[in-house]
Each structure stands twice: as C-alpha cells, then as structure tokens.
Amino acid sequence: MPTSVDAPDTLTRPFDVAQVRAQFPTLQRTVHGDQPLVYLDNAATSQKPDVVIDRIRAYYAEENSNVHRGVHRLSQVATDAYEGAREKIARFINAAHTHEVIFTRGTTEGINLVAHSLGASHLSAGDEIIVSEMEHHSNIVPWQMLCERVGATLRVIPVSDAGELDYDAYADMLGEQTGLVAIGHISNALGTINPVQQMIADAHAVGALTLIDGAQSTQHSRVDVQALDCDFFCFSGHKMFGPTGIGVLYGKEDLLNAMPPFQGGGDMIDRVSFDGTTYDALPHKFEAGTPHIEGAIGLGAAVDFIEGLDMDAVQAHEADLLAYATEQLQTIDGLRIIGTAQEKASVISFLVGDAHPYDVGTLLDQMGIAVRTGHHCTEPLMDRYGIPGTVRASFALYNTRDDVDRLVQALKRIQPLLS
Ligand code: PLP
C-alpha cells in the first residue's frame with residue numbers, strides 16, 4: 001500500500017488502514033449478536049473518529065457557552081473555537097477569505113440558502129437554471145421552488161447509460177439566458193465524478209453563476225474552491241467524519257455581499273430599530289440565531305483528522321477498493337452495476353437479478369453488512385434507468401478488501417433466497 005513516509009510535508013502521517021480503523025469506535029462493534037459490522041453506507045453518512053467525538057465532549061465538558069455575545073471567559077473560549085473551526089475549513093477548501101465560509105445545517109440548507117437569497121437578487125423570469133438528471137433531490141427541489149417563485153425555467157442535462165453527463169447537451173443548453181448551473185461534484189447514487197472544472201469554465205463563459213453540490217466530494221478528494229472557480233460550494237459535515245447538523249456554504253465574497261440574508265434574527269444584525277434594521281457583515285449576515293457550536297467545532301476536528309492523512313494514499317486506497325469490489329461483484333450471477341462512468345468514486349450501485357433492493361439490503365443486514373437500498377434521493381435518475389432503486393455499497397477510507405470479500409460472500413449466500 002502506498003504511504004507518504006518520504007513525503008516532504010512533515011505534518012502528513014503515512015496512511016495505514018488498520019491504524020485508521022482503530023480510531024473509529026463504531027467500526028469495532030458487532031450487530032445482530034456477534035456479526036462484526038461491515039459499514040458500507042458511507043455515502044449516506046460516515047462514521048466518526050475518536051478525535052471528533054472527544055472534541056465534542058471536551059467542548060461540552062469545558063467550554064460550553066454561547067458565542068459572539070459574551071464578555072465572560074467561557075464565551076470567549078467558545079467563540080475562539082467556533083471561529084477557529086471556520087478558519088480551518090476555509091484553509092481546507094482554500095477559500096480566499098475566512099468570511100466566505102458560512103455555517104449551515106448541511107448541503108441541503110446551503111443550497112436552499114442560495115436558492116432563496118440569490119433567487120431574490122440575481123434571477124428572474126426568463127432565466128434558466130441548469131441541473132443534471134443525476135442530482136440529489138436537494139439539488140433539484142430548491143431550484144424547482146425558485147423557478148415557481150420567479151418564473152425561471154429548469155433545464156436538465158441528460159445522463160448516458162454508463163452514468164455520465166451528456167456534455168454536448170450541456171454545451172447546447174448554455175447561453176445568455178443561463179442564470180445558474182447547479183451540479184453535483186460526485187453522484188451519490190452512481191459514484192460518477194462530474195467534470196465540474198470544465199463545466200464551471202463553460203458556464204462562466206456565458207456569464208452564468210455556478211453552484212457545486214460537494215456533499216460527496218469532501219470525504220474522497222481535495223477540494224480547492226479557488227482552483228475550481230465555483231461561485232458556491234456546499235457540503236455536509238456528517239459525510240466527512242464530522243457531526244450531523246453542520247455543513248458549509250462557501251460563496252465568493254462579492255456575491256454573498258450582494259445577496260440578502262436568508263433568515264432574520266439574533267447575531268445576523270448590525271442595528272435593529274422599528275425604523276429599519278441593518279445587517280452584520282459576512283459571515284454573520286447568513287448565520288441567524290445561536291449556531292450549531294459544537295457541530296462547527298467537531299467539523300473542525302474532522303478537518304484536522306483528514307488533513308492528518310496522506311490524501312494521495314487515501315485516494316489510491318479507495319481506487320483499489322473500487323476496482324476490487326467492481327471485479328468481485330461481477331463474479332455474482334445476474335448482478336448488474338448501475339453506473340460505470342470512467343471517472344468514479346468508491347460508490348457502487350447494483351441490482352441482483354430481479355430481486356428488490358430492499359430484500360437484498362435486509363438480508364445483508366442480517367449478516368452484519370450495512371448497505372443502503374432505495375432511490376437514494378435521486379428519483380429522476382432511477383426513472384431514467386427504469387428501476388425502483390438500487391443496492392448501494394459506498395466505501396470510505398477505513399474500508400478494506402476484507403469488507404468487499406464479506407459483501408460478496410454474503411451476496412453469494414443470500415442469492416438462493418432471492419429467486
Ligand atoms: N447532495 C448529495 C449528492 C448528497 O449525497 C446528499 C446526501 O446524501 C445531499 C446533497 C444532502 O445532504 P444533507 O442531507 O447532508 O443536507
């Protein structure tokens with residue numbers, strides 16, 4: 001396995017999957033009696049390492065206080081930890097400014113924030129918003145709602161049988177009427193890695209803005225929002241080893257400044273009077289009310305965890321898992337993989353003969369194997385393939401070839417029960 005022992009960055013530790021697994025308490029447990037857990041539902045949510053769990057405990061045990069408003073010591077400690085997490089995240093995604101990082105509840109809220117605020121300030125009747133057929137509902141429904149509000153039109157880039165975007169169709173859709181292109185970086189249902197850098201450049205060439213749904217990318221790859229040049233980028237803490245209920249909206253400073261607030265309340269104001277209210281500067285303008293303080297701090301710890309790993313080695317490990325699992329699953333009679341894009345992350349959707357995905361998932365669960373079944377919040381994509389859903393095995397950096405073997409052995413064992 002490749003390691004970074006010789007890497008010049010002394011902060012980088014070699015990647016050692018056994019040592020990484022040991023840091024995740026959930027991965028040590030059994031389910032249904034004595035079945036060791038094989039956790040292959042990482043696209044839904046990842047497990048949490050000790051450093052994240054311990055950091056949240058330490059916050060509540062030693063630092064708990066509300067942020068921003070207090071003169072007392074604990075409030076200052078909590079504020080420093082909360083704002084320190086924002087700085088870590090800004091560095092992690094290479095934002096030009098820390099105040100371009102807005103804390104949200106997750107990807108869904110980030111997209112809704114942009115749909116609401118950008119919709120109010122930048123989009124109107126006649127404008128088009130482009131999404132793709134493989135988007136998560138979170139990157140479809142807010143745009144449909146916005147289109148209804150302002151009279152804009154939603155355009156949809158078709159997906160090929162292999163699960164790749166039809167780039168020519170996308171290029172044909174772009175024009176001066178395009179207000180926004182909103183695209184998933186990595187498909188949660190198929191694993192397809194979309195060519196977002198090129199898509200962003202082409203959108204900008206016609207004057208359109210771009211939003212990247214990064215819910216599936218921050219756990220698998222390095223994200224550099226300046227290199228991507230996206231206008232907005234949204235992600236969720238819980239999918240990248242951090243807590244639930246916290247996420248990030250990155251937006252370019254000038255756009256965020258030009259957008260009206262999403263929600264009103266405490267912490268987002270400059271001055272309130274019945275004659276009129278003025279709003280605080282970024283990032284607080286978009287963070288009304290008491291924030292998810294321990295969530296942000298826990299996400300900061302998750303960023304530290306990821307940055308302590310050699311991402312090249314992690315990516316090589318996940319590429320090996322994807323290749324090995326793809327090869328091994330194909331040894332199962334009647335198994336069909338849905339999504340065979342050239343550029344793929346370690347997510348494999350499949351069907352076994354005519355068996356309903358739910359039956360497959362339920363039987364696998366009895367053997368300790370956690371996979372997701374259903375439409376994965378991508379109903380239009382399932383319609384495109386004419387299927388009700390899939391079984392999805394999604395791998396994270398702590399999974400092993402042994403996990404793949406257990407999945408494949410279990411599928412072979414349950415196969416007679418499925419026909
Ligand atoms: N976008 C994609 C591609 C996802 O996979 C998900 C979650 O599965 C979301 C958006 C929504 O993320 P959240 O539920 O954390 O807001």
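This is a predicted model: local features need pLDDT of at least 70, side-chain atom pairs count only at pLDDT 80 or more; totals for chains, interfaces and linings use all residues.
A disulfide here is a pair of cysteine sulfur atoms within 2.5 Å. By that rule, the count for this structure comes to zero disulfides. Residues are numbered from 1 along each chain as its sequence is written, and side-chain values use heavy atoms, with hydrogens and water left out.

Let us start with Cys147. Its sulfur lies 17 Å from the closest cysteine sulfur, in Cys234, which is too far for a bond. Cys147 is buried, with a relative accessible area of 10%; buried means under 20% relative accessible area, exposed over 50%, and partly exposed in between, using a 1.4 Å probe and protein chains only. Cys234 is in no disulfide either, the nearest cysteine sulfur being that of Cys230, 9.2 Å away. With 0% relative accessibility, Cys234 also counts as buried.

Now follow two helices. Helices (H or I, at least four residues) and strands (E, at least two) are DSSP runs, numbered from the N terminus. Helix α3 (residues 73–92) packs against helix α10 (residues 293–307) at an angle of about 40°, and their axes are 8 Å apart. The axes are lines fitted to C-alpha atoms, for helices over the stretch in contact, and angles run from 0 to 180 degrees between N-to-C directions. Angles under 35 degrees count as roughly parallel, over 145 as roughly antiparallel, 65 to 115 as roughly perpendicular and the rest as oblique, so α3 and α10 are oblique to each other.

Which residues make the contact, meaning heavy atoms within 4.5 Å? On α3 they are Ala78, Ala81, Tyr82, Ala85, Lys88, Ile89 and Phe92, and on α10 they are Ile293, Ala296, Ile297, Leu299, Gly300, Val303, Asp304, Ile306 and Glu307. These residues divide into twelve nonpolar, one polar and three charged.

The loop between β12 (278–279) and α10 holds Pro283, and the peptide bond from Leu282 to Pro283 is cis, with omega near 0°.

His32, in the loop between β1 (30–31) and β2 (35–36), has a positive phi of about 45° although it is not a glycine; at 44% relative accessibility, His32 is partly exposed. Asp267 sits in the loop between α9 (253–258) and β11 (269–271). Phi of Asp267 is near 75°, again positive in a residue other than glycine, and at 15% relative accessibility Asp267 is buried.

Terms used:
Contact means heavy atoms within 4.5 Å. Ala, Val, Leu, Ile, Met, Phe, Trp, Tyr, Cys and Pro count as nonpolar, Asp, Glu, Lys and Arg as charged, and the others, Gly among them, as polar.
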